[in-house]
Amino acid sequence: MRFFSRVITLLITGCLIAAASVAIPFFLGFRVYAVISSSMAPAILPGAAVYVHPEEFADICEGDIITYSVNGVSVTHRVVEKQSAKRAFTVKGDANDTLDSRPVPYEDIIGKVKFCVPYAGYAAELFADPGKKLLFCGTVIWMYAVRTILGDMMKTKQEEAWERENI
């Protein structure tokens with residue numbers, strides 16, 4: 001019983017750390033995105049989470065990694081050229097052989113990637129929509145309830161054993 005209680009405690013702790021890795025940066029002005037393709041390898045591998053912060057046009061330079069939106073899909077690529085007159089950027093994935101097909105207008109830029117965390121993209125993806133958040137919260141509450149019940153059962157058995165020994 002004690003083993004299961006510890007396993008559940010570890011699972012709850014892991015879930016809370018995963019939630020914090022997404023929630024805390026949000027309150028600091030970051031948005032977290034999961035990288036699902038290998039277009040930025042080896043700098044950013046699939047499954048990584050990129051932490052993106054909004055930046056002014058003047059603060060984005062060649063060599064910076066940005067996240068932008070194309071038809072509602074977020075893309076993370078490196079700036080190859082800044083086109084000041086058009087307020088746009090030519091971008092390319094590090095692993096891609098060619099530049100992206102069109103310059104990215106500044107209005108489509110979500111922000112500049114400040115840092116990335118390998119494998120944390122899976123946690124970011126977990127919290128991407130309200131249904132997944134609700135399922136996550138329900139799972140954590142369920143695990144806590146199971147842990148509490150197991151703990152109560154262990155205490156009851158220990159109390160019974162103590163009473164048998166001391167009577």
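The model is predicted, with local features needing pLDDT of at least 70 and side-chain atom pairs counting only at pLDDT 80 or more, whereas totals for chains, interfaces and linings use all residues. Residues are numbered from 1 along each chain as its sequence is written, and side-chain values use heavy atoms, leaving out hydrogens and water.

## Pairing of S5

Strand S4 (residues 73–83) pairs with S5 in the antiparallel sense over five bridges, where pairing requires at least two DSSP bridges between two strands. Within this pair, arginine 78 stands opposite lysine 92, and the hairpin has four residues between its strands, with arginine 87 in the turn showing a positive phi of about 50°. S5 is also joined by two bridges to the antiparallel strand S6 (residues 104–105), in which proline 105 is the bridge partner of alanine 88.

## Nonpolar cores

The largest nonpolar core has 18 residues, of which Tyr51, Phe127, Phe136, Val140 and Met143 touch the most other members; such a core is a set of buried Ala, Val, Leu, Ile, Met, Phe, Trp, Tyr and Cys residues joined through side-chain atoms within 4.5 Å. Helix H1 (2–27), strand S2 (49–53), helix H2 (121–126) and helix H3 (130–166) each give two or more residues to this core, and H1 gives the most, with six residues.

A second, separate core of ten residues includes Val79, Val91, Tyr106 and Ile109.

Conventions: Buried means under 20% relative accessible area, exposed over 50%, partly exposed in between (1.4 Å probe, protein chains only).
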